[in-house]
Amino acid sequence: MANSYKEITKELQEIAAEVFAEHEIKHLVGFGRGEFSGLTEPVFLKNPEEAERLIFQDDAAPMLSKYLLKYKPDLQAVVAKPCDSRALAYYISEGKISRDNLVIIGINGCPGIEGNTACQECDTRNPVIADYTVGEEMSQQELEAELEGVKYLLEDMTPAERKEHYSREFSRCTQCYACRDACPVCYCDHCYVESNQPEWLEEGSSADKDMIFHLMRTMHMPGRCVNCGACEMACPEGIEMRSMTTHLYHRAKELYNYRPGISPEQPTLFSDFDKEDSEPGFL
Amino acid sequence: MIKKLTAEELKALLGELRQKFLVIAPFRVKQGRLTKVLYQPVKSEDQLSSIYLKEQPDASPKEYFLPRDDRLGEETAGADCQPEEWSDYPRLFLGVRSCDIAGIELFDDVFTENDFVDPFYQQRRDNSLIIGYSCQEPADNSFCQEVGINPLENENVPLMLYDAGEGFYLKVQDQEVLKRFEMLDMIEELPEVESSELEEIVRENRKNFSENEFSLERGLPFPEKEAFTSVDWEEATASCLGCGVCTFYCPTCFCFKFFWEEIEKNRAWDSCMFSLFTAHASGHNPRETQDQRWRQRLLHKFSYHPTNYQGSPGCVGCGRCVSKCPVNLDIRRVLDRVEKTLAGEGVKGNES
């Protein structure tokens, strides 16, 4: 069963104190309540006295894994939703960050994030790697029962219908790049949208250019997207961003039984090529 | 002069005004998982019943004055290329709140300043008539009163609309402007009431704006040098992802970039939160890290802008940057940190 936010919060506060006692960490990255807004925001705790600031709420949407790249190689502790733990496993598998520099507090039986459609089709409800865990584990049986009959976004649409949907959705894009910035696997030091020699994405915000941005971002996602929904949650225009990436996620799962970030030892999708692999194309 | 009118009468008035103006008003719009309130042109008489004034719109009317993509003309037209492509049909903005009115006034200061008049902005501005709207309760995360804005009344627009529960009050504040747009007669026809009726409504609504947990203790501008060097900007803004949502939704952020499409010159929104904003052709970037960009955004609003414009803040306290931020990074928390740091260092402030 999924755990309650309240239980998770209580356990997180207890374990945080332990983590500070047992490890010489730079900080513990978790969620806290905004002093004036009351909204959940990422916090960087420096000492055990701050442990009671930790919370877990249904609006804890940001992926904290992303912050760890900013402060590596220092030893850091992090509160990881199961999707965050997959992003971390993926980082480790790519050599982006060392396992030795992480203290992971995983959330078992994650109750999900309000409004995040990714949580409805989530196939990882317990962390894949963790040093500490909070909450009861969710059994595989229970997870399968919950996923029974669940369709992913636009699963039943034809490519033509999907294209029309994408065009309509992406026409609202303002190129703020919040989707990219919130995405745990969009970690390039130099993103193609910021390249002007060559200029991959021309200046301006016509429907065509908006589409180019999203298509190019999506092209970098097969075998990398952990299907966390952070892109969609970050979008201030309510663009159904996941409708494209979730398709790639599920195609990789169906065709190659591949899910990114399931284990730190897992090779990446493209480095695991086998000439027997089927090649029907991704669309 | 104060007029009282029913919802039906307001609709009839707007219907009449549609003969003269393109009426732009807030509507509820579904966008994916979000339902937003956005300014949109009224395209038909029927739409007048769907105008939605109850909540602060998700975006200010900024894009109608400084469009996201602004075509400035062909290069061959020379340096004095004038705005002529788009219509000079007058526009009427209905239901603009004090924070957003202040945002437009800030643009006036910047884009129509003595020797530096932006003809594109000015033409749009001259063709626009604004009917203000008195807030009944504070919007989420707003702190307008802390930056000197009165959410209930605003004398800087020719007409101000007040929701009276049953019906509306319309306060005429500048008859000259109404004459210029040839609409004074229409307004004068409406029944006039005593100002005490309206004052009572404002007094009642003011109670909803009593205490704000956040307060700005220090007057503006913040001392540039001390704030720049003594605040731990990295610590205060560590969660910033570096997207431009706060600036795009900000009613006062106006930074732009130029680009060419063949021989056509364009201007589009830019953001100080982007790494490319300050990147030099040499490869050097004077603002290399995100906290430096945050420092720029905050100090532009609370130090540089007030320094250049008689103490007037560059922030209108609408709270949208907080509500829209993907990680809920709160500018009030950062301001609080700046104030505490300056106070701790014994830096004297201006009288608030």
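Residues are numbered from 1 along each chain as its sequence is written, chains are lettered from A and ligands numbered from 1 in the order in which they are written. Because the model is predicted, local features need pLDDT of at least 70 and side-chain atom pairs count only at pLDDT 80 or more, while totals for chains, interfaces and linings use all residues.

**Exercise 1. Trace the open sheet of chain A and find its edge strands.**

Step 1: Start with the strand order, which is S2-S1-S3-S4-S5 in chain A, with mixed pairing. Strands (E, at least two residues) and helices (H or I, at least four) are DSSP runs, numbered from the N terminus. Two strands pair if DSSP finds at least two bridges between them.

Step 2: Look for strands that pair on one side only; these edge strands are S2 (40-45) and S5 (132-134) of chain A. From one strand to the next, the twist averages 30°.

Step 3: Zoom in on S4 (residues 102-107) of chain A, which runs parallel to S5(A) and is joined to S5(A) by three bridges. Here Ile105(A) stands opposite Tyr132(A) in S5(A).

**Exercise 2. Describe how helices H1 and H3 of chain A lie against this sheet.**

Step 1: Take helix H1 (residues 5-22) of chain A, which lies across S1 (28-33), S2, S3 (76-80), S4 and S5 of chain A. Helix H1 of chain A runs at about 160° to S5(A). Axes are lines fitted to C-alpha atoms, for helices over the stretch in contact, and angles run from 0 to 180 degrees between N-to-C directions.

Step 2: Now turn to helix H3 (residues 82-93) of chain A, which packs on the sheet and touches S3 and S4 of chain A. The direction of helix H3 of chain A makes about 150° with that of S4(A).

**Exercise 3. Work out what chain A brings to its contact with chain B.**

Step 1: The contact takes 29 residues from chain A and 34 residues from chain B, where two residues are in contact if their C-beta atoms, placed from the backbone, lie within 7 Å.

Step 2: On the chain A side, S2 and helix H7 (178-182) of chain A are the elements that give two or more residues. S2(A) gives the most, with four residues.

Step 3: By type, the chain A side divides into 12 nonpolar, eight polar and nine charged residues. Ala, Val, Leu, Ile, Met, Phe, Trp, Tyr, Cys and Pro count as nonpolar, Asp, Glu, Lys and Arg as charged, and the others, Gly among them, as polar.
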